Amino acid sequence: MTSRISLTQYLVEKQREKGLIPAELRLLVEVVARACKRISIAVSKGALGGVLGDAGTNNVQGEPQKKLDVIANETLLEANEWGGNLAAMASEEMDHSYTIPNRYPKGEFLLLFDPLDGSSNIDVNISVGTIFSVLRLPESVVDVSDEHFLQPGVKQVAAGYAIYGPATMLVLTVGDGVAAFTLDRETGSWSLTEDQLRIPEQTKEFAINSSNSRHWQPPVRRYIDELLAGREGPRGKDFNMRWVASMVADVHRVMSRGGIFMYPRDNREPEKPGKLRLLYEANPMSFLVEQAGGAATNGLQRIMEVQPTKLHERVAVFLGSREEVERVTSYHRD
Ligand code: AHM
Ligand code: MG
């Protein structure tokens, strides 16, 4: 009988046979995955669970919180605070980092997350997700604070996302390629459904919110104009466009069949370098995309090399199939 590999088995193999991850990191990833399972259940209840609609509060970025933003944030905090593997957590939904309370043992890792990405899609029953990133606490730090999270993405030791779509999936990297797990709703276990995901280097599909086109800067305008010109234009082929407006869903499509996903800096609020957040959206997605053979830049440099200066810092994002990301990046450098 052939049985599927579970998330636990996959991680134990990385720990035991490959010596790639310590046991504490394995346990930490498993707890995050368990919390995602709970979030998936809450999301899937929809109106029957009383979870739709606004929470009536705003987060630190001034965005209205949905009830599910708050529920997902609390689920991740509660699941992860007592395990002994973490020193602190930071979230899109919290102004500052959350230090593990003194009643629990503290560990050497830092967890960052966007608890419910794509929350504008919750009330219309379109895929949403959770994004997470794991860093190490710098050595000899006793009192953890926001500044200890300000590490470039190359320092990540694990990253992933859960997508709550027609199927719930967990897509994960611990720095040894990317694996995708599907949640078996009957047994409640995560089963490995694809290992060593690869993003095709070439693509004919792009994702950008083109309603912002009048605010775009010249390199993005040039790149998109060329794609839209199709077979008759300089690219000599037709491109197709998709935009779900849940980063998790758009990136999952790129991970599955290639494409380029973009959220550029634009002239709406030129002081903000884009919409998406560096530490818990762009960095974990960049780690996954690079581990799958793709590329991720902010137009000028590799996203994972950007030195963060603020917990909720934003960044322009171009990620996915290598050739397209390199092309749009070269237009910025011109
Ligand atoms: P959120 O984390 O508050 O849900 O916001 C981030 C989302 C991304 O998931 C998505 O790519 C983007 O915002 C969509 O933006 P827009 O509303 O401009 O389409
Ligand atoms: Mg988000």
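How far does a polar side-chain atom of Asn 209 lie from an oxygen atom of ligand 1? The separation is 3.0 Å, inside the limit for a polar contact (a pair of N or O atoms within 3.5 Å). This is a predicted model, in which local features need pLDDT of at least 70 and side-chain atom pairs count only at pLDDT 80 or more, while totals for chains, interfaces and linings use all residues. Residues are numbered from 1 along each chain as its sequence is written, and side-chain values use heavy atoms, with hydrogens and water left out.

| Residue | Distance from its side-chain N or O atom to an oxygen atom of ligand 1 |
|---|---|
| Trp 243 | Trp 243 to ligand 1: 3.0 Å |
| Tyr 263 | Tyr 263 to ligand 1: 2.5 Å |

Of the 470 Å² of accessible area that ligand 1 has on its own, the protein covers 86% (Shrake-Rupley method, 1.4 Å probe). Ligand 1 is surrounded by 17 residues, the closest being Asp 117, Gly 118, Met 247, Tyr 263 and Lys 275, where a surrounding residue has a heavy atom within 4 Å. By class, this shell holds 7 charged, 6 nonpolar and 4 polar residues, with Gly counted as polar and Trp and Tyr as nonpolar.

Elsewhere, helix H2 covers residues 23–45 (helices are DSSP runs of H or I, at least four residues). Its 23 residues should span 33 Å at 1.5 Å a residue, and because the end C-alpha atoms are 34 Å apart, the two values agree; the expected span is 1.5 Å times one less than the number of residues. Just after H2, Gly 46 adopts a positive phi of about 55°.

Note on methods
Chains are lettered from A and ligands numbered from 1 in the order in which they are written. Helices (H or I, at least four residues) and strands (E, at least two) are DSSP runs, numbered from the N terminus. A polar contact is a pair of N or O atoms within 3.5 Å; within protein, one must be able to donate a hydrogen and the other to accept it, and residues adjacent in sequence count only if both atoms are side-chain atoms.
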